Amino acid sequence: MTDFKLPRAGEIAITLPHDVDAALYFIGRIRTPWSTTGDCPRNSGARRDVIATIELDERFELGLKDISRLSHLIALYWVDRSRRDLIQQMPSHISEARGVFALRSPVRPNPIGLSVVELVDVDGRNLKVRNIDCVDGTPLIDIKPYFASIDSYPDARRP
């Protein structure tokens, strides 16, 4: 199901290409308490009290070897309920339109979500995590280790 809404004033939609360039394997699903995009927190750190579950498909379980050594992970997921045609958006927290590539919005040509999650527990092929902001059942694209020593840029600018 897609939560399409009419563009807001100042937003610009484009026509997307008919052909695709690549294929993905969804390696699992993310289980959260949120059933709609409106229920989700606006950023992954907003609900640190919520423990979500990443359920990995059994075919990929061997890829979890040694994951419990990590404190944090990067979860990449397909925000399957997002529209994909807006190239400029009007975020509710600013007064003018911004280009999609200057925003963290899930509304984008390729709706890939990214959250740095805290790994709370590993139970077989299920990972209990904190700091994720997606709808229940969201398809998982990949998991990568997060290393503060190379993934954090404290001097990065924010518009």
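Is isoleucine 12 buried, partly exposed or exposed? Isoleucine 12 is partly exposed, at a relative accessible area of 40%, where buried means under 20%, exposed over 50% and partly exposed in between (1.4 Å probe, protein chains only).

## Basis of the model

This is a predicted model, in which local features need pLDDT of at least 70 and side-chain atom pairs count only at pLDDT 80 or more, while totals for chains, interfaces and linings use all residues. Residues are numbered from 1 along each chain as its sequence is written, and side-chain values use heavy atoms, with hydrogens and water left out.

## Open sheet and surface patch

Isoleucine 12 belongs to strand β1; strands are DSSP runs (E, at least two residues) numbered from the N terminus. An open sheet of three strands, in the order β1-β5-β6, is paired in the antiparallel sense. Pairing requires that DSSP finds at least two bridges between two strands. Strand β5 (residues 86-89) pairs with β6 over two antiparallel bridges, and glutamine 88 has glycine 99 of β6 as its bridge partner.

Ile12, Ile14 and Leu16 make up a nonpolar surface patch with about 210 Å² of accessible area together. Patches consist of residues with over 30% relative accessible area and no salt bridge, with nonpolar side chains (Val, Leu, Ile, Met, Phe, Trp, Tyr) joined within 5 Å. A salt bridge is a side-chain nitrogen of Lys or Arg within 4 Å of a carboxyl oxygen of Asp or Glu. Accessible areas come from the Shrake-Rupley method with a 1.4 Å probe, and for residues only the protein chains shown count as cover.

## Closed barrel and core

Six strands form a closed barrel, β2-β3-β8-β7-β4-β9, with antiparallel pairing. From one strand to the next, the twist averages 45°, with axes fitted to C-alpha atoms and angles running from 0 to 180 degrees between N-to-C directions. Strand β3 (residues 51-56) and strand β8 (residues 126-130) are joined by five antiparallel bridges, and isoleucine 54 is opposite leucine 127 in β8.

The largest nonpolar core contains 19 residues, and Ile54, Leu127, Ile132 and Ile143 have the most contacts inside it. Such a core is a set of buried Ala, Val, Leu, Ile, Met, Phe, Trp, Tyr and Cys residues joined through side-chain atoms within 4.5 Å. At least two residues of this core come from each of β3, β4 (72-78), β7 (112-123), β8 and β9 (138-145).

## Aspartate 142

Aspartate 142 lies in strand β9 and is partly exposed, with 29% relative accessibility. Aspartate 142 is 68 residues from isoleucine 74 in sequence, with 8.2 Å between their C-alpha atoms.

Definitions and conventions. Helix = DSSP H or I, 4+ residues; strand = E, 2+ residues; numbered from the N terminus. Patch = residues over 30% accessible without salt bridge, like charges linked within 9 Å, V, L, I, M, F, W, Y side chains within 5 Å.
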